[in-house]
Amino acid sequence: MLKSLKEIIEVISIMPVSEERKKILQSLAEFIQKKADAGERINLNFICTHNSRRSHFSQIWTQVMAEHFNIKNLYCYSGGTEATAMFPKVAETLRSQGMEIQKLSETENPVYAVKYSENAHPVICFSKKYDDAFNPASGFAAVMTCSSADLGCPFIAGAEKRIPITFEDPKSSDGGPNMDQIYLERSMQIAAEMHYVMSLVSTQNQNSYDGK
């Protein structure tokens, strides 16, 4: 893990997660645990309408927390009901939190490489439909990160499980005086909740290992 990111994770680790949100997050932890116990690859596809903000924050932070808790064989993806572009403020916010981000293409829908660890492959991010060839076609959990995508896509082909974990859209702050703060708050919330999810899986794996 990058040193700068480790420092942010120390802060994230003590952020509170409400009991209401813990109940919502439980299904994701259970899906990951089931796959881990079976020794299977764990594929998570985070889905939002435009695949521009919340789904990317979720994809990246979940991959980071899996690395932090040493949860192996977990791979995160993201998609939308339509393709647009990853909003630049997402990359800017993650960079301010200690990640190294390289823009690989200068197009209307740029491709980013998000590096969070010296030894792990970077997360490749760009906006795409949830069923894009870049994403898994089957055996994945479809994690619905916005209510409009959750309502607008009642069926996700190939999904083994559908898990609604919705977040408020930071887009409402775009161009306003609180934009930086709102994007940082949303990123930190998602990071804290994914830290909580992975801590449950990590604890259960350790208990199993110890024969408890």
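Reader: How many residues does helix H3 have, and how far does it reach from its first C-alpha to its last?

Author: Helix H3 covers residues 54-68, which is 15 residues, and it reaches 21 Å from first C-alpha to last. That is close to the 21 Å expected at 1.5 Å a residue. The expected span is 1.5 Å times one less than the number of residues. Helices (H or I, at least four residues) and strands (E, at least two) are DSSP runs, numbered from the N terminus.

Reader: Before we go on, what kind of model is this, and what pLDDT do local features need?

Author: This is a predicted model, where local features need pLDDT of at least 70 and side-chain atom pairs count only at pLDDT 80 or more, while totals for chains, interfaces and linings use all residues. Residues are numbered from 1 along each chain as its sequence is written, and side-chain values use heavy atoms, with hydrogens and water left out.

Reader: Ok. How many residues of H3 are buried?

Author: 13 of its 15 residues are buried, so H3 is largely enclosed by the rest of the structure. Buried means under 20% relative accessible area, exposed means over 50%, and partly exposed is in between (1.4 Å probe, protein chains only).

Reader: How many bridges join S4 to S5?

Author: Three bridges join strand S4 (residues 112-115) to S5, and the two run antiparallel. Val-114 stands opposite Val-123 in S5.

Reader: Switching topic: what's the phi of Asn-51, and where is that residue found?

Author: Asn-51 has a positive phi of about 50° although it is not a glycine. It is found in the loop between strand S1 (42-48) and H3, and is buried at 0% relative accessible area. Asn-73 is in the loop between H3 and strand S2 (74-80), and is partly exposed at 33%.

Reader: Now S6. Are its residues buried or exposed?

Author: Five of the five residues of strand S6 (residues 140-144) are buried, so S6 is largely enclosed by the rest of the structure. Phe-140, Ala-142 and Met-144 point one way, while Ala-141 and Val-143 point the other way.

Reader: Which strands are joined to S6?

Author: Five bridges join S1 to S6, running parallel, and five bridges join S6 to strand S7 (residues 159-164), also parallel. Val-143 is the bridge partner of Phe-46, and Val-143 has Ile-163 as its partner in S7.

Reader: How many salt bridges are there?

Author: A search of the whole structure finds ten (a side-chain nitrogen of Lys or Arg within 4 Å of a carboxyl oxygen of Asp or Glu). One of them is Glu-193 with Arg-21, at 2.8 Å between the closest N and O atoms. Glu-193 lies in helix H6 (residues 179-209) and Arg-21 in helix H2 (residues 19-37), so the pair ties together parts 172 residues apart in sequence. Both Glu-193 and Arg-21 are buried.

Reader: And how many disulfides?

Author: The count is zero (a disulfide is a pair of cysteine sulfur atoms within 2.5 Å). For Cys-76, the nearest cysteine sulfur is that of Cys-125, 10 Å away. Cys-76 counts as buried at 7% relative accessibility.

Methods:
Pairing = 2+ DSSP bridges.
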